[in-house]
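Okay, thanks everyone, let's get going.

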Amino acid sequence: MTKENVFSGRDASMDVVKGIGIILVVIGHANRSTLLGKMIYGFHMPLFFIIAGMFYNKEKWEKLGGIELVRNRAKSYLVPYFSMAGINLVLNAIDEMAVYDVFGEWLDAQVYHVGWIAYATGLSKLSPNCSPLWFLPCLFLSYIIFYFILQLKLSTQMGVCALLILLNKMIFMVLPKITPKVLPWHMDTALVGAVLMVVGYQIKEQGWQKTAEKNIFLFLLLLGIGGIAGWMNLGKVAFASNRIGNPIFMVLYACSMTLVLIAVGGKICKAAVGRFLVFCGNSTMVFMGFNYFFNRHTERVWKAIPILNKYEYHWILKVIVVTMCLSFTSSMWKKCKAWV
């Protein structure tokens with residue numbers, strides 16, 4: 001499949017971009033407190049919203065209608081969310097049998113977790129192991145908002161996007177005075193997600209991704225803009241907590257790095273590492289769904305082995321081990337889906 005028809009179907013270079021994005025998520029979760037982790041957090045989740053906007057087929061969904069889009073996105077995002085969250089709930093329930101001596105307390109804990117999974121809080125203590133999956137219900141809501149935004153004229157779209165950002169910032173200021181948690185299904189973050197989807201859609205419409213692939217000077221300029229914008233917003237972005245920092249810097253950083261990764265993806269998609277990243281790009285939901293589980297349990301295994309526990313379970317080693325575990329799980333997940 002060529003670059004020219006990338007948005008009428010699937011293209012390996014865009015799957016590479018998603019693959020790089022999900023590997024960055026794994027690195028960010030293993031190394032979030034360092035400078036590298038903070039730089040990754042500045043754009044790794046915005047990247048996925050932008051890509052979703054780039055892949056949006058406006059003609060198709062205008063023909064099928066909004067109700068069909070809701071049904072389709074529910075099947076694509078909500079079914080995997082509750083499926084993987086349910087698996088994580090069972091795995092955690094088994095683990096917590098050693099924590100609670102009284103069956104009633106153990107059962108209460110599971111009911112508690114079920115409630116927060118339904119809420120899609122994104123906090124690991126409330127919805128064990130599956131907190132990165134908060135993104136799926138949030139993306140579902142963003143799609144709905146995005147669908148209605150695209151019904152407007154371009155000039156009106158820009159005004160609505162500005163209002164959504166403003167509304168998000170207002171919620172961010174007010175909500176902590178009421179509750180320390182985000183809104184259900186990250187409704188607040190979904191407002192920004194919809195804006196980023198509009199940005200991604202316009203990147204596709206204007207053909208900026210092709211220009212970034214072919215123009216080395218633009219590529220370097222984007223690296224520079226992205227680096228400056230990311231540094232200005234350093235440590236202020238965490239979408240799971242509805243923190244976007246300065247929205248202008250956030251959007252600039254996310255757009256620049258998305259275009260940079262698209263250019264890189266086009267160069268390496270046929271190489272061996274590119275083929276692996278394509279696999280990762282097609283497995284992003286499984287990577288999100290079980291990232292925390294393997295983070296936690298591979299570290300427990302490491303500490304339980306006498307020979308290994310003398311050494312630090314360094315974040316680089318953790319990323320390699322967890323990525324291998326997630327890759328194997330993704331392969332098994334795809335085989336199970338094929339059987340079903």
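Before anything else, one cut-off: I'll say buried for under 20% relative accessible area, exposed for over 50%, and partly exposed for in between. And keep in mind that this is a predicted model.

So, with that cut-off, arginine 300 at 41% is partly exposed. What does arginine 300 pair with? It forms a salt bridge with aspartate 95, and the closest N and O atoms are 2.8 Å apart. Arginine 300 sits in helix H14 and aspartate 95 in helix H5, so this pair ties together parts 205 residues apart in sequence.

Aspartate 95 also has a salt bridge to arginine 296, again with 2.8 Å between the closest N and O atoms. That one links distant parts of the chain too, helix H5 to helix H14 (residues 284–304), 201 residues apart. Buried or exposed, for aspartate 95? Buried, at 17%, while arginine 296 comes out partly exposed at 33%.

Now a local one. Glutamate 68 and arginine 71 make a salt bridge at 3.7 Å, N to O. Both are in helix H5 (residues 66–96), three residues apart, so about one turn of the helix. Glutamate 68 is partly exposed at 32%, and arginine 71 is exposed at 57%. The total count is six salt bridges.

Last, the greasy part. The largest nonpolar core has 92 residues, and Tyr56, Phe135 and Phe239 have the most contacts inside it. Leaving out residues up to four places away in sequence, phenylalanine 135 touches Met45, Phe48, Phe49 and Met288.

Note on methods: Residues numbered from 1 in each chain as written. Predicted model: local features only at pLDDT ≥ 70, side-chain atom pairs only at ≥ 80, totals over all residues. Heavy atoms only, no water. Core = buried A, V, L, I, M, F, W, Y, C linked by side-chain atoms within 4.5 Å. Buried < 20%, exposed > 50% of the residue type's maximum accessible area, 1.4 Å probe, protein only. Contact = heavy atoms within 4.5 Å. Salt bridge = Lys/Arg side-chain N within 4 Å of Asp/Glu carboxyl O. Helix = DSSP H or I, 4+ residues; strand = E, 2+ residues; numbered from the N terminus.
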